Amino acid sequence: MHNLGLLFDVDGPLASPVTRTIAIRSIVTDLVAMAAAGVPIAFITGRSGDFIRHQVVAPLCDAGLGDALDQHGARMFGVFEKGGAWAPITGEGMGEVTVDESVAFPDEAVDGVRRLVRDRFADTMFFDETKRAMISVEQRTDVDADTYREAQGRFEDAAFGLLTGLGIGLRYGSRVSPDADGAVPFRIDPTIISTDIESVLLDKDRGAQRAFDYFAARGPLPRRWRSIGDSRSDYKMADFVHDAGYEVAHVDVRPADGVLDRPYEVITIGDAVHDDAGAEFLAHWRRELGLDAAV
């Protein structure tokens, strides 16, 4: 086993934020090579299990992931919806998704947001029907960023009003509306291509802990880890690893949003951003580990 473990956000470092697919072929082949070499790899994402199954695991399987994960010591895991759902990834592909029902929304909230998008915002965004623990609304790929950003703010205001009107305790920026018990169990969390409405218990540190638990049950853990992401919340993967006593550095593939001050190293990849930076990172470590031969 190589002394390296990897925790990946998906949108940005692996999947293009434009196409929402893995557009750089070397990302696929390098991930397969590293998995075969025994590097534990987790995908820790706000995306749904369905998205990871079709847009990440399927192309990896086409590139030989099944054989790679049949190697002794190979481990791969998926954590979806920021820890609200998860599944093993083995030589047979991605397994059944487990959902943490304790953090999910009531049906009336889900139906209400679905209707809101359909009736008022369908020209710029769509309701993600694949999410099972959180509510997510995403930018349409035929809508430019500026148009979406303007509509996104209006949607979030409307969603806040809708959900608090149902008695749901909710935080949105500086706005806080407790439920009847005085609790605020949910939040609105915007990204550059979507809005997630989610339990406050969900985040990337929770996802990292699920991945570590899965890996530790199947063999010794490497002491050296890298987390890779494009948003400030992705640093929480490295926060968890650091607090657990392991060596870690975080790779920020969108540093223009602000590099955070952390007690561990934060790495940027020159002028490269998003999946270009992710591809360079993987290529570096494939060379570093001596895995240049084709899989």
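Which residues of helix H7 (residues 235–243) are buried? They are Tyr 235, Met 237, Ala 238, Asp 239, Phe 240 and Val 241, where buried means under 20% relative accessible area with a 1.4 Å probe and protein chains only. Before going on, note that this is a predicted model, in which local features need pLDDT of at least 70, side-chain atom pairs count only at pLDDT 80 or more, and totals for chains, interfaces and linings use all residues. Residues are numbered from 1 along each chain as its sequence is written, and side-chain values use heavy atoms, with hydrogens and water left out.

Back to H7. Its buried residues pack against strand E1 (5–8), strand E2 (41–44), helix H6 (204–216), strand E13 (224–229), strand E14 (247–252) and strand E15 (265–267); contact here means heavy atoms within 4.5 Å. Helices (H or I, at least four residues) and strands (E, at least two) are DSSP runs, numbered from the N terminus. After H7 comes Gly 245, with a positive phi near 95 degrees.

Now look at the open sheet, where six strands run in the order E7-E8-E12-E11-E9-E10 with mixed pairing; two strands pair if DSSP finds at least two bridges between them. Strand E7 (125–127) and strand E10 (175–177) sit at the edges with a single partner strand each, so one side of each has no neighbour in the sheet. From one strand to the next, the twist averages 15 degrees. E8 and E12 run antiparallel and are joined by four bridges, and Ile 135 stands opposite Ile 197 in E12.

Two helices lie across this sheet. Helix H5 (residues 145–165) lies across E7, E8, strand E9 (170–172), E10, E11 and E12, and runs at about 25 degrees to E12. For these angles, axes are lines fitted to C-alpha atoms, for helices over the stretch in contact, and the values run from 0 to 180 degrees between N-to-C directions.

Of the 26 residues lining the largest pocket, Thr 191, Ser 194, Asp 196, Asp 230 and Ser 231 are the closest to its centre. Strand E8 (135–139), strand E11 (186–190) and strand E12 (194–199) are the elements that give two or more residues to the lining. By class, that lining has four nonpolar, eight polar and 14 charged residues.

On a 1 Å grid over the protein atoms alone, a pocket is an open set of points with protein on both sides within 12 Å along at least five of seven lines, a cavity is a set where a 1.4 Å probe fits but cannot get out, and lining residues have an atom within 4 Å of a point. Searching the whole structure turns up one cavity of 30 Å³ or more, and about 50 Å³ of space lies in the largest cavity. Its lining is Ser 48, Gly 49, Asp 50, Glu 81, Ala 85, Val 97, Val 99, Thr 130 and Arg 132.

Glu 81 leads us to the hairpin of E3 and E4, where this residue takes a positive phi near 50 degrees and four residues lie between the strands. Strand E3 (residues 76–80) and strand E4 (residues 85–90) run antiparallel, joined by five bridges, and Gly 78 has Ala 87 in E4 as its bridge partner. E4 also forms a hairpin with E5, with two residues between them; here Ile 89 stands opposite Met 94 in E5.

Note on methods. Nonpolar A, V, L, I, M, F, W, Y, C, P; charged D, E, K, R; others polar. Buried < 20%, exposed > 50% of the residue type's maximum accessible area, 1.4 Å probe, protein only. Points joined across faces, edges and corners; volume = space filled by probe spheres on them.
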